[in-house]
Amino acid sequence: MKRYFFIGIAVILTLALALVAYGTWLNVSDEKQIARRMDERTLMLTGAQAQKRSLRPMVEMDAVRLYSENMADTVALVDGRIIEMYVTKNSPVRKGDVLMRLANDQIPLQIQQAAANVRRMEAALAQATNAYHRQQRLMAKEATSKEKYEEAEAQYLAAQEALAEAEAQRAQYLVQEERQNVVAPVDGNVLLIYQREGSYVQGGTPLALVGDFNRLLFSVTLDDKYTRHFSVGETAELHFPAQAMNKAYDTEYAAGNQGKAEKIFATITEITPPLSEPAGIRRVVCSVDNRARVLEPLTYNGVSLRMRDSYECLSVPLSAMVDASHEEVFVVNPDGTVNRREVKAGANDGRYIEILSGLTEGEAVVVESFDGLEDGMKVDVSIEEKTANNKGGKG
């Protein structure tokens, strides 16, 4: 019995060892098969060729502050009460036009007193002049003393100074009277009226805001990869989000505008430092044609600027750039594998991006679908276009 018992135990142990060995062999075999399949797998991807395309640079700007060079407050130059208003909001005015009139009860009295004082000084000067001329004649005949002559001369000179002072005082009051007329400081439209008719204001109080919005300006700091294609006098199109076109000053639209469909153009007026000097970044100042009165001097978000003139350059789809800094792409090798490559990129038009170095014409790059993609992976790339038909990207 013991012999059969030990034989049974041996058989069981043998079967257990065989099962363990078989399981180990299966694991090793499966791992090898998985590894082989991973090595042999081919990813299905979309690609595009680096080609010469026509590119119109586009700059996306987070925020643009438009401002007017002709925009100023009209202030009261004297104390007084507003007795007449000659304009309303949005009234067109020229520089020097009277907007409103103040009344200061003291100024007419001061002018009257100054006029009376001038007349007294004129009479005193006439008397001093006669006395002085008489002493001159007597002195010529040696019929008076030198002391009396010099005294008459001093009185004559003092009377002249007194009259001049009285006339200056009167002129000052006349200026104060003229300053009761509040005039426009610049050409433009009355944007805001701060005070109402009948209000009493002190000198220096703002009364109205006048501005000319036909021409607005803005400045933006750009990388030289964009500005090297710009030139002073060149025009560009500005695109604003529809929700950003609200008005803060509630100015009136000009005739002939097309509202949200209005094409807004900007002209480059200044590039600093100039393009003739090497620089990494430059400040670009643009003048905006706003005769349609669609815009106001405000900060607008999400504005894009697209140059009207295009240039031909080597480019790839913007979606081929792996990183946000536009410095890497996945290149498709002739053997069907891919590898990550550094490139130097330039301007883009929202759809294609200029390649300055790192790629040659005809090379294929992967477009999007970068998750899990690594150097050396085999790919089956479907090229999305064979010829360049780009006319400047979207927009």
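This report walks through a cavity, a surface patch and some backbone details in a predicted model.

## An enclosed space and its lining

Let's start on the inside. Rolling a probe the size of a water molecule over the atoms shows where empty space is left. In this model, one cavity of 30 Å³ or more turns up. The volume of the largest cavity is about 40 Å³.

Which residues line the largest cavity? They are Val59, Met61, Val220, Leu222, Phe230, Ile268, Val284, Cys286, Leu305 and Met307. Two or more lining residues come from each of these elements: β3 (58-65), β12 (215-223), β15 (281-289) and β16 (299-307). Sorted by class, the lining has ten nonpolar residues, with no polar and no charged ones.

## A nonpolar patch on the surface

Moving to the outside, you can find a nonpolar patch formed by Tyr86, Val98 and Val183. Together these three residues have about 230 Å² of accessible area.

To locate Val183, look in strand β8, which covers residues 181-183.

## A buried glutamate

Glu237 sits in strand β13, residues 235-239. Buried means under 20% relative accessible area; Glu237 has 14%, so it counts as buried.

## Backbone details in the loops

Where is there a cis peptide bond? Look between Thr272 and Pro273, where omega is about -10°. Pro273 belongs to the loop between β14 (264-272) and β15.

Two residues other than glycine are worth a look for their positive phi values: His326, with phi near 60°, and Ser369, with phi near 55°. His326 is in the loop that runs between β17 (311-317) and β18 (328-332). With a relative accessibility of 21%, His326 counts as partly exposed. Ser369 is also in a loop, between β22 (364-366) and β23 (379-383).

Methods:
Residues numbered from 1 in each chain as written. Predicted model: local features only at pLDDT ≥ 70, side-chain atom pairs only at ≥ 80, totals over all residues. Heavy atoms only, no water. Patch = residues over 30% accessible without salt bridge, like charges linked within 9 Å, V, L, I, M, F, W, Y side chains within 5 Å. Areas by Shrake-Rupley, 256 points an atom, 1.4 Å probe, with all protein chains shown as cover. Salt bridge = Lys/Arg side-chain N within 4 Å of Asp/Glu carboxyl O. Helix = DSSP H or I, 4+ residues; strand = E, 2+ residues; numbered from the N terminus. 1 Å grid on protein atoms, 1.4 Å probe; cavity = no way out; pocket = protein on both sides within 12 Å on 5 of 7 lines; lining within 4 Å. Points joined across faces, edges and corners; volume = space filled by probe spheres on them. Nonpolar A, V, L, I, M, F, W, Y, C, P; charged D, E, K, R; others polar. Buried < 20%, exposed > 50% of the residue type's maximum accessible area, 1.4 Å probe, protein only.
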